[in-house]
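These are my notebook entries on a structure that I had not examined before. I set down each point in the order in which I looked it up.

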Amino acid sequence: MFHHIWAALLYLYGILLNSIYQCPEHNQLTTEGMDGKEFPEPHLGQWYFIAGAAPTKEELATFDPVDNIVFNMAVGSAPMQLQLRAAIRTKNGLCVPRKWIYHLSDGSTDLRTEGRPDMKTKLFSSACPGGIMLKETGQGYQRFLLYNRSPHPPEKCVGEFQSLTSCLDFKAFLLTPRNQDACELSSN
């Protein structure tokens with residue numbers, strides 16, 4: 001009998017603890033007003049890569065040589081398509097241009113990367129003004145990425161991102177140094 005009471009008390013304690021220490025909710029963005037031709041205006045334009053989080057450091061290794069990255073998201077040449085251009089400034093000062101085509105999923109902001117069928121990207125809102133979070137999953141990796149309209153958002157924003165991702169068991173964290181000037185985005 002004592003074991004049943006003890007088990008019940010531990011169960012109730014677990015429920016109480018879980019309700020107190022739940023991870024904050026991160027809401028997935030929606031494509032309200034999407035007419036099949038355009039991505040909602042607030043998400044187009046220039047973004048700076050600020051930080052990343054993943055379960056392991058290996059899943060963030062691609063960003064180790066990076067000082068800063070500036071992105072431009074624009075409507076693609078076909079419906080339900082986005083064009084993403086990046087200018088990557090490496091720690092040794094080089095500028096590396098990149099571009100991707102994303103395909104939108106009908107009625108959501110799930111993105112599929114052209115030429116990479118294993119990669120899936122989800123967009124999430126951020127509590128940080130001018131911020132957005134992406135969750136990328138692919139073969140052998142998953143990571144959250146924080147972007148902002150400003151290259152230097154308030155430290156509180158980065159702290160909240162790190163807190164949220166840590167709560168979700170993404171223990172590896174990377175903050176881009178952003179010590180050098182951003183590279184110019186190419187127009188094509």
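Which residues of α2 are buried? I find that C157, V158, F161, L164 and T165 are buried in this helix. I note at the outset that the model is a predicted one.

**Entry 1: helix α2**

I looked up the extent of α2 and found that the helix covers residues 155-167, which is 13 residues. From the first C-alpha to the last, α2 reaches 18 Å, close to the 18 Å expected at 1.5 Å a residue. I then looked down the axis of α2: the buried residues fall within an arc of 130 degrees, so they line one face of the helix. The general rule is that an α-helix has 3.6 residues a turn, so residues three or four places apart point the same way.

I turned next to the other face. E155 and K156 are exposed, and they sit on the face of α2 turned away from its buried side. What covers the buried residues of α2? I list β1 (45-54), β7 (131-138), β8 (141-148) and β9 (172-175) as included in that cover. Just after α2, I recorded a positive phi of about 75 degrees at D169.

**Entry 2: disulfides**

How many disulfides does a search of the whole structure find? The search returns 2.

The sulfur atoms of C128 and C157 are 1.9 Å apart. The link of C128 and C157 is right-handed, with 80 degrees about the S-S bond. This pair links distant parts of the chain, 29 residues apart: C128 is in the loop between β6 (116-125) and β7, and C157 is in helix α2. Both C128 and C157 are buried.

C95 and C183 are also joined by a disulfide, with an S to S distance of 2.0 Å. C95 lies in strand β4 (residues 95-104) and C183 in the segment after β9, so the pair ties together parts that are 88 residues apart in sequence. Is C95 buried or partly exposed? I find C95 partly exposed, with a relative accessible area of 41%. C183, by contrast, is buried, at a relative accessible area of 6%.

**Entry 3: the largest pocket**

I looked up the largest pocket and found about 420 Å³ of space in it. Its lining has 21 residues, and F63, F71, W100, E136 and Y147 lie nearest the centre. Which strands each supply at least two residues of the lining? I noted β2 (66-75), β3 (81-90), β4, β6, β7 and β8. The largest share, 4 residues, comes from β2.

**Entry 4: K122**

I located K122 in strand β6. K122 is partly exposed, with a relative accessible area of 24%. K122 and M133 are 11 residues apart in sequence, and I recorded 8.4 Å between them, C-alpha to C-alpha.

**Entry 5: the whole protein**

I closed with the overall layout. The secondary structure comes to 2 helices and 9 strands, and along the sequence I read the pattern α-β-β-β-β-β-β-β-β-α-β. Of the 188 residues in the protein, 38% are buried. Among contacts between residues at least 6 apart in sequence, 55% join residues at least 24 apart.

How values were computed. Residues numbered from 1 in each chain as written. Predicted model: local features only at pLDDT ≥ 70, side-chain atom pairs only at ≥ 80, totals over all residues. Heavy atoms only, no water. Expected span 1.5 Å × (residues − 1). Buried < 20%, exposed > 50% of the residue type's maximum accessible area, 1.4 Å probe, protein only. Arc of directions from axis to C-beta. Contact = heavy atoms within 4.5 Å. Disulfide = S-S within 2.5 Å. 1 Å grid on protein atoms, 1.4 Å probe; cavity = no way out; pocket = protein on both sides within 12 Å on 5 of 7 lines; lining within 4 Å. Points joined across faces, edges and corners; volume = space filled by probe spheres on them.
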